[in-house]
Amino acid sequence: MSRVRRFTVGLAVAALAAVGVGAAAVPATGSPGGGGAGRVPEVIRVPAGNRPLAVMPARGVQTYQCTAGAWTFLQPDAILRHRGQATVLHTRGPVWTSTRDGSSVTAAAQASSPVDGAIPQLLLRATANRGPGLLAGVTYIQRLNTTGGLAPAGPCTEAATVSVPYTADYAFWVAG
């Protein structure tokens, strides 16, 4: 990873940490949808022919912008941890980038499952992978066990933004 990229990733991690984005350590292996929340809804299950790579807890924010008098989703920003260490940054795209090797995966939502009082759980399919490394072979991502992150209710002022804290577990899958 280039010095500029390491510096940029370092700044992003520091910025998220400065706004109180931390995470409790959760094992990165085990059944996807871990965290004791139970079974993964059928609609967001990963197709056969894929195997779990890792499950990482995340803390971050969902940012919304006021457009035409309503809150619209702008972007996510989150830090995913493995064994207590910041391992993956999740940003607009949506894209996930490894802080260790610079590999990344971009994905698109395939299905969602509603969660009371929180952003929905998702099944995302990889649309592009970059570089060798941790995320190079990812085929699917699940956003599981979500809390928070919902857009504010009510009116807003044009162009205003708000970032709403959320947590989730992200399960990464590879072919095989």
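**View 1. V88 and S98 across the β3–β4 pair.** V88 stands opposite S98 of β4 in this predicted model, and 4 bridges join β3 to strand β4 (residues 95-98), the two strands running antiparallel. Here strands (E, at least two residues) and helices (H or I, at least four) are DSSP runs, numbered from the N terminus, and two strands are taken to pair if DSSP finds at least two bridges between them. The hairpin that β3 and β4 form has 3 residues between the strands, and G93 in its turn has a positive phi of about 150°.

**View 2**

**View 3. Strand β1 and its two partners.** Strand β1 (residues 50-67) is joined to β8 by 15 bridges in an antiparallel arrangement, in which M56 stands opposite Y170 of β8. Strand β1 also pairs with β2, again in the antiparallel sense, over 10 bridges, and T63 stands opposite Q75 of β2. The hairpin of β1 and β2 has 2 residues between the strands, with A68 in the turn at a positive phi of about 55°.

View 4. S113 is found in strand β5 (residues 104-115) and has a relative accessible area of 10%, so S113 counts as buried (buried means under 20% relative accessible area, exposed over 50%, and partly exposed in between, with a 1.4 Å probe and protein chains only). Apart from its neighbours within four places in sequence, S113 is in contact with P41, V43, I44, P120 and Q121, where contact means heavy atoms within 4.5 Å.

**View 5. G149 in the loop between β7 and β8.** G149 is found in the loop that links β7 (138-148) with β8 (161-175), and because its relative accessibility is 1%, G149 counts as buried. When neighbours within four places in sequence are left aside, the contacts of G149 are Q62, Y64, I119, V164, P165 and Y166. The C-alpha atoms of G149 and P165 are separated by 5.4 Å, although these two residues lie 16 residues apart along the chain.

**View 6. The largest pocket and its lining.** About 160 Å³ of space lies in the largest pocket, and of the 13 residues that line this pocket, P76, H90, P94, L122 and R143 are the closest to its centre. The elements that give two or more residues to the lining are β2 (70-82) and β6 (118-130). By class, the lining has 8 nonpolar, 3 polar and 2 charged residues.

**View 7. The whole chain, for orientation.** The protein has 1 helix and 8 strands, and from the N terminus on its elements run α-β-β-β-β-β-β-β-β. Of the 176 residues in the protein, 41% are buried, and among contacts with a separation of 6 or more, 63% are between residues 24 or more positions apart.

**Notes.** Residues are numbered from 1 along each chain as its sequence is written, and side-chain values use heavy atoms, with hydrogens and water left out. In this predicted model local features need pLDDT of at least 70 and side-chain atom pairs count only at pLDDT 80 or more, whereas totals for chains, interfaces and linings use all residues.

Technical notes: On a 1 Å grid over the protein atoms alone, a cavity is a set of points where a 1.4 Å probe fits but cannot get out, and a pocket is an open set with protein on both sides within 12 Å along at least five of seven lines; lining residues have an atom within 4 Å of a point. Grid points are joined across faces, edges and corners, and a volume is the space filled by probe spheres set on the points. Ala, Val, Leu, Ile, Met, Phe, Trp, Tyr, Cys and Pro count as nonpolar, Asp, Glu, Lys and Arg as charged, and the others, Gly among them, as polar.
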